[in-house]
Amino acid sequence: MKQKTLVILKPSCVMRGLVGEVTNRFEKKGLRLAGMKMCQLTDAQLNEHYAHLAGKPFFQGLKDSMMCSPVIVCCYEGEDAIAVVRTLTGATNGRVAAPGTIRGDYSMSNQMNIVHASDSPEAAEAELKRFFKPEEIFEYKQVQHDYIFSVDEDK
């Protein structure tokens with residue numbers, strides 16, 4: 001099933017100069033970049049985005065870490081994009097993330113873990129609406145598309 005999903009390249013990615021390497025991983029896998037922009041997250045945005053963590057003792061530290069530099073928000077699209085992105089990113093804690101995953105290769109932290117990725121279709125839809133206007137998500141067919149999927153896989 002073709003899906004769109006949100007990826008946030010966190011301050012730990014931006015400040016360490018890993019943006020190109022991380023986006024390259026998603027593109028090499030065959031995901032299509034449908035939207036991308038740099039922004040400075042606000043306390044209000046993070047209160048909404050991480051509302052499910054509001055009662056946790058690390059909540060303020062998480063928000064502070066997400067506001068210490070600009071981030072890059074991305075919309076990727078592809079077959080089963082949500083699961084594919086989650087597999088590529090690896091476990092939340094970089095110390096236990098498998099080698100070969102983004103967090104496994106670039107993170108030693110549970111919080112400064114390079115990327116945020118939507119974890120469900122419902123979350124992806126809400127998160128994309130939170131960070132992108134409809135006109136900031138683009139539809140186009142990449143030249144290499146026909147070499148990523150067989151005819152019967154492209155739905």
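Me: What makes a stretch of this chain a helix or a strand, and where does that place L31?
Reply: Helices (H or I, at least four residues) and strands (E, at least two) are DSSP runs, numbered from the N terminus, and L31 lies in the loop between α2 and β2. The model is a predicted one, in which local features need pLDDT of at least 70 and side-chain atom pairs count only at pLDDT 80 or more, while totals for chains, interfaces and linings use all residues. Residues are numbered from 1 along each chain as its sequence is written, and side-chain values use heavy atoms, with hydrogens and water left out.

Me: Why is L31 called buried?
Reply: Buried means under 20% relative accessible area, exposed means over 50%, and partly exposed is in between (1.4 Å probe, protein chains only); L31 has a relative accessible area of 4%, and is therefore buried.

Me: Which residues does L31 touch?
Reply: Contact means heavy atoms within 4.5 Å, and, not counting residues up to four places away in sequence, L31 touches F26, Y76, E77, G78, A81, V84, V85, L88 and Q142.

Me: Why are α2 and α5 called oblique to each other?
Reply: The axes of helix α2 (residues 19-29) and helix α5 (residues 81-89) come within 11 Å and cross at roughly 135 degrees, where axes are lines fitted to C-alpha atoms, for helices over the stretch in contact, and angles run from 0 to 180 degrees between N-to-C directions. Angles under 35 degrees count as roughly parallel, over 145 as roughly antiparallel, 65 to 115 as roughly perpendicular and the rest as oblique, and α2 and α5 are therefore oblique to each other.

Me: Which residues make the contact between α2 and α5, and how are they classed?
Reply: On α2 the contact is made by R25, F26 and K29, and on α5 by V84, V85, L88 and T89. By class, the contact of α2 with α5 has four nonpolar, one polar and two charged residues, given that Ala, Val, Leu, Ile, Met, Phe, Trp, Tyr, Cys and Pro count as nonpolar, Asp, Glu, Lys and Arg as charged, and the others, Gly among them, as polar.

Me: How do you know that β1 and β3 pair?
Reply: Two strands pair if DSSP finds at least two bridges between them, and strand β1 (residues 2-9) is joined to β3 in the antiparallel sense over eight bridges. Within β3, L9 stands opposite I72, and Q3 stands opposite G78.

Me: What makes β3 and β1 mostly covered?
Reply: In strand β3 (residues 71-79), nine of its nine residues are buried, and in β1 six of its eight residues are buried.

Me: Why is D80 called partly exposed, whereas I114 is called buried?
Reply: D80 is at 40% relative accessibility and therefore counts as partly exposed, whereas I114, at 0%, counts as buried. D80 is placed in the loop between β3 and α5, and its phi is near 50 degrees, a positive value in a residue other than glycine. I114 is placed in the loop between α6 (102-106) and β4, and I114 has a positive phi of about 75 degrees although it is not a glycine.
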